Amino acid sequence: MNTTFIDTHCHLNFKRFNKTREQVIKESHKKGVGIFVVPGTDLFSSLKAIEIAKQDDSIYVAIGIHPHHTFNKEASNTMQDDMNELEKLITHPKVVAIGEIGLDKHMYEDTKYENYQISDEFLNAQKEYCIAQIRLARKYDKALILHNRETKTEIIDIINQEWCEEMRFRTVFHCCEPDEDLLSYAQAHDIYIGVDGDVTYGGEKSSFIKKVPLTMLVLETDSPFLLPEPLKTQRLYPNTPANIPIIAQYIADLKGIRVEEVAEVTTKNAKRLFNLNK
Ligand SMILES: [Zn+2]
Ligand SMILES: [Zn+2]
């Protein structure tokens, strides 16, 4: 298969794709999206990502516990139990990263948790999980997929505290918020910037991405979320990795370069990030 693009972040492990997964993968391959990195958000979805990857050569996996799922949990697992479970999964040959992990202070309206609040305890749980999982990634020399929403100062504090030189080129700010401080921090630490379909909505995101050097960018869809335009206006949900070329073309136009250059450089970046030799 001819790999032009890599979708570095798509949740093909989510229920939303149970009936369509094979078709979506096939369509994506046709569009030149030859490799997918599927991140977990909890133990269940991490395990499911591995199950899917076992059946498809083009799928790689990130395992991890998303900040949302570090508190109010249904299971009675302690953090140490969760880390032990992740450590059992991490040696699977398709696991290339820990993710998605991080911090999130955004108040979501649509969550499965009742009375969703960002309490100090919740934020502390997020920080503890984030730190423990960064250490796990380092122990096994895996890449890091960092999710960060409205927590710039806190996440930078944690990265500073846990920093080691091996994290250069092996870390990504997935769906990076448009923020100059994050960009200069990423530049100083060789952290990649993940860009999604929301860049096509214009505004702040698009002027931010225009400033990010191509050598720092990796493409992601965050499928089934963040459907790019014009598909969003056309309500062609859900988002799938087959839409990566739309994001790439938008970036090419934004930067006044050819889409082939966007493909070539972002694919090279993604391979370095996840240590993929394909
Ligand atoms: Zn995320
Ligand atoms: Zn995600």
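Two strands count as paired if DSSP finds at least two bridges between them, and strands (E, at least two residues) and helices (H or I, at least four) are DSSP runs numbered from the N terminus. The model described here is predicted, so local features need pLDDT of at least 70 and side-chain atom pairs count only at pLDDT 80 or more, while totals for chains, interfaces and linings use all residues. Residues are numbered from 1 along each chain as its sequence is written, with chains lettered from A and ligands numbered from 1 in the order in which they are written.

Let's start with the sheet. Eight strands form an open sheet in the order S1-S2-S3-S4-S5-S6-S7-S8, with parallel pairing. S1 (5-7) and S8 sit at the edges with a single partner strand each, so one side of each has no neighbour in the sheet. Direction ignored, neighbouring strands are turned by 30 degrees against each other on average, going by axes that are lines fitted to C-alpha atoms, with angles on a scale from 0 to 180 degrees. At the S1 end, three bridges join S1 to S2 (residues 33-39) in the parallel sense, and Asp 7 faces Phe 36 of S2.

Next comes helix H1 (residues 21-30), whose buried residues are Val 24, Ile 25 and Ser 28. Here, buried means that 20 or more other C-beta atoms, placed from the backbone, lie within 10 Å of a residue's own, and exposed means 12 or fewer, with partly exposed in between. S2 is part of what covers the buried residues of H1. Just after H1, Gly 32 has a positive phi of about 90 degrees.

Further along, S7 (residues 192-195) is covered on both faces: Tyr 192 and Gly 194 are buried on one side, Ile 193 and Val 195 on the other. S7 pairs in parallel with S6 (residues 171-173) over two bridges, and Phe 173 has Ile 193 as its bridge partner. Getting from S6 to S7, the chain passes through helix H6 (residues 180-189) in a right-handed β-α-β crossover; right-handed means that, with the strands pointing away from the viewer, the path from the first strand over the helix to the second runs clockwise. S7 also runs parallel to S8 (residues 217-219), joined by three bridges, and Gly 194 stands opposite Val 218.

How values were computed:
Contact = placed C-beta atoms within 7 Å.
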